[in-house]
Amino acid sequence: MELKALKITEFGFSGSLPDVLWDGIVNPESKTPALCIDNGESGVVNVDAGNNFSNISTDIAPHRCSLPKLAAISLPESLITKDEG
C-alpha cells in the first residue's frame, strides 16, 4: 500500500499521517511489547502488513506503555569524528 493512498483513505485529503507508522508485524515468541509508545500525544497507525493490510488501525491504547530505559552508550574518542569545516 502506498503512503499517499493510506493517508487519503484513513485521514482524508487534508489529514496527515500520525507520528508513528508501524507495519504491525510481531514476533510471536517475544516477551516484550512489539511497539511501546510513551510520548505524550503521539499517534500511531498500524497498517497490518502481515495480514495484507486487512485491519488498519489508529488505536494507540494497546501500545501505551513504557519499558526500562537502555543504558547510555559511550563511544571511544577515536570513533568520534570532528567537523573540520
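A disulfide is a pair of cysteine sulfur atoms within 2.5 Å. The structure is a predicted model.

**Exercise 1. Find the disulfide and say what it ties together.**

Step 1. Search the whole structure. The search returns one disulfide.

Step 2. Identify the partners. They are cysteine 36 and cysteine 65, with sulfur atoms 2.0 Å apart. The cut-off is 2.5 Å, so the pair at 2.0 Å qualifies.

Step 3. Cysteine 36 sits in the loop between strand 1 (20-22) and strand 2 (44-46), and cysteine 65 in the segment after strand 2, so the bond ties together parts 29 residues apart in sequence.

Step 4. Cysteine 36 has a relative accessible area of 24% and is partly exposed. Cysteine 65, at 24%, also counts as partly exposed.

**Exercise 2. Describe the surroundings of histidine 63.**

Step 1. Locate the residue. Histidine 63 is in the segment after strand 2.

Step 2. Classify its exposure. Buried means under 20% relative accessible area. Histidine 63 has 9%, so it is buried.

Step 3. List the contacts, leaving out residues up to four places away in sequence. Histidine 63 touches Trp22, Leu35, Cys36, Ile37 and Val44. One of these, Cys36, is the disulfide partner of cysteine 65.

Step 4. The histidine 63 side chain reaches the backbone oxygen of leucine 35 at 3.4 Å. The limit is 3.5 Å.

**Exercise 3. Examine two residues with positive phi, aspartate 48 and phenylalanine 53.**

Step 1. Read the angles. Aspartate 48 has a phi of about 55 degrees, although it is not a glycine. For phenylalanine 53, also not a glycine, phi is near 60 degrees.

Step 2. Aspartate 48 is in the segment after strand 2. Phenylalanine 53 is found in the segment after strand 2 too.

Step 3. Aspartate 48 has 10% relative accessibility, so it counts as buried. Phenylalanine 53 has 30%, so it counts as partly exposed.

**Exercise 4. Identify the residues of the nonpolar surface patch and classify leucine 79.**

Step 1. Name the members. Ile73, Leu75, Leu79 and Ile80 form the patch.

Step 2. Give the area. Together the four have about 440 Å² of accessible area.

Step 3. Take leucine 79. Leucine 79 lies in the segment after strand 2.

Step 4. Apply the cut-off. Exposed means over 50% relative accessible area. Leucine 79 has 56%, so it is exposed.

How values were computed: Residues numbered from 1 in each chain as written. Predicted model: local features only at pLDDT ≥ 70, side-chain atom pairs only at ≥ 80, totals over all residues. Heavy atoms only, no water. Helix = DSSP H or I, 4+ residues; strand = E, 2+ residues; numbered from the N terminus. Buried < 20%, exposed > 50% of the residue type's maximum accessible area, 1.4 Å probe, protein only. Patch = residues over 30% accessible without salt bridge, like charges linked within 9 Å, V, L, I, M, F, W, Y side chains within 5 Å. Areas by Shrake-Rupley, 256 points an atom, 1.4 Å probe, with all protein chains shown as cover. Salt bridge = Lys/Arg side-chain N within 4 Å of Asp/Glu carboxyl O. Polar contact = N/O pair within 3.5 Å; in protein donor to acceptor, adjacent residues only side chain to side chain. Contact = heavy atoms within 4.5 Å.
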